[in-house]
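Please study the sequence and the structure before reading the answers.

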Amino acid sequence: MDYGYANARIRGMHSRLLDRKGYEALLVQPDIPAMVTELGKTPYKAEIEEGTVLYPGIRGIEYALRKNLATTFRKVQGLLAGSDAEIFVRIFVSRYDIHNLKTIIRGIHIHISPEEITECLIPAGTISSALLNELLKQGDVRGVVDLLATWDVIYTRPLTAHMKEYAETGSLSSLEYALDLFHYENSKKTLTGKTADHKLMQSILAAEIDSVNIKTALKMNREGISPEESAQYFLPGGTHLPLKLYRKLVAAPSIGEAVSVLQGTSYEFLVSLPLQSLANAEISLIEKEMDRYLVRKGASLYHSEPLGGVLCIGYLFEKQNEVTNIRIIGRFKTAMISDADVEETLLYV
């Protein structure tokens, strides 16, 4: 397919992403109302006006960000209808299905209110907002899975297969692993082409799988799970983290020593993280660095093939990062955290 028209439209959308001056204009605002006014001067204007009517303060901003992101993803998918790139976008947005289902299941499992769960959802995947709202009304995890089955949603099968284990153990690990495995296996089956675009997408997918495996292995290490038991949660299909290395991560005597196992791989940048944090088993810092690595890698697709079908994926990574940055600014401003600390947390790609 000739991506000339679609890529030209996406480049136009890319030109409207916030640059450093745009972020600085948000950072210098003294409070949330002033930040809302500033956002009203950006491409978020329509959603900000709607969000601040529906919700006060930071909740209005977060509503606007979620809606803008979902609208943007649908627009890009529409531009690429019928092409390989539409498949790439579908794989990209299906990550939000997994995020949303895990969030709902976790929230209901630990009895968080539907309102609080809603604030963590990103309705940008293939599951409609209407169904997400109905899932939030369920009283338990069984009800969520049953409703997915009623709506004939593809994620029913992996969840149903692990419901017995969940009922017996009360642990969500097997359900969450089932969702990840289903998502990545489906995506790999879709990305079997030999074109440059397919190879770039395969590389991104493999890095995502490695990232999930590293995060899982470190959690297992912290919780003292044996390498043998943890192996059941290993996702096949990564590039730089085979099962043997995954087991070493789990078996290491400490988080710091576990990370050192990654020396010589694409993830050795984790070894340079502050040792004190690693000694204290603060794996959230490691997870954050892995997320930043994936965003940079994904965003680089925007510049890799100017005429190809993955330019859109690079843009979507950048758009997702922009929304994350604005959310960080809003939340930190609400918590009265200094602008210098906020800026240090932002990721510029």
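In α9, the residues Val141, Gly143, Val144, Val145, Leu147 and Leu148 are buried. The model is predicted: local features need pLDDT of at least 70, side-chain atom pairs count only at pLDDT 80 or more, and totals for chains, interfaces and linings use all residues. Residues are numbered from 1 along each chain as its sequence is written, and side-chain values use heavy atoms, with hydrogens and water left out.

Q: What makes a residue of α9 such as Val144 buried?
A: Buried means under 20% relative accessible area, exposed means over 50%, and partly exposed lies in between, with a 1.4 Å probe and protein chains only. Val144 is one of the residues of α9 that are buried. The cover over the buried residues of α9 includes α6, α8 (129-136), α10, α11 (163-169) and α12. Helices are DSSP runs (H or I, at least four residues), numbered from the N terminus, and strands are runs of E with at least two residues.

Q: Why is aspartate 152 called exposed?
A: Its relative accessibility is 67%, and the cut-off for exposed is over 50%. Aspartate 152 therefore counts as exposed. This residue is found in the loop between α9 (141-150) and α10 (156-161). Aspartate 152 has a positive phi of about 55° although it is not a glycine.

Q: How do you know that methionine 336 counts as exposed?
A: Methionine 336 has 75% relative accessibility, so it counts as exposed. Its place is the loop between α20 (311-334) and α21 (339-345). Phi of methionine 336 is near 60°, a positive value in a residue other than glycine.

Q: Why are α6 and α12 called roughly antiparallel?
A: Helix α6 (residues 84-109) and helix α12 (residues 173-190) pack at an angle of about 175°, with their axes 10 Å apart. Axes are lines fitted to C-alpha atoms, for helices over the stretch in contact, and angles run from 0 to 180 degrees between N-to-C directions. Angles under 35 degrees count as roughly parallel, over 145 as roughly antiparallel, 65 to 115 as roughly perpendicular and the rest as oblique. The two helices, α6 and α12, are therefore roughly antiparallel to each other.

Q: Which residues of α6 meet α12?
A: Among them are Ile87, Ile91, Arg95 and Ile98 in α6, which meet residues of α12 including Leu175, Leu179 and His183. Contact means heavy atoms within 4.5 Å.

Q: What makes the link between glutamate 49 and lysine 45 a salt bridge?
A: A salt bridge is a side-chain nitrogen of Lys or Arg within 4 Å of a carboxyl oxygen of Asp or Glu. The closest N and O atoms of glutamate 49 and lysine 45 are 2.8 Å apart, and the pair forms a salt bridge. Because glutamate 49 and lysine 45 are 4 residues apart in helix α4 (residues 45-54), they are separated by about one helical turn. By the salt-bridge rule, the count comes to 16.

Q: Why is glutamate 49 called partly exposed?
A: Glutamate 49 has a relative accessible area of 44%, so it is partly exposed. Lysine 45, with 42%, is likewise partly exposed.

Q: How do you know that glutamate 208 is buried?
A: Its relative accessible area is 7%, so glutamate 208 is buried. The side chains of arginine 95 and glutamate 208 meet in a salt bridge (3.0 Å, N to O). This pair links distant parts of the chain, with arginine 95 in helix α6 and glutamate 208 in helix α13 (residues 196-222), 113 residues apart.
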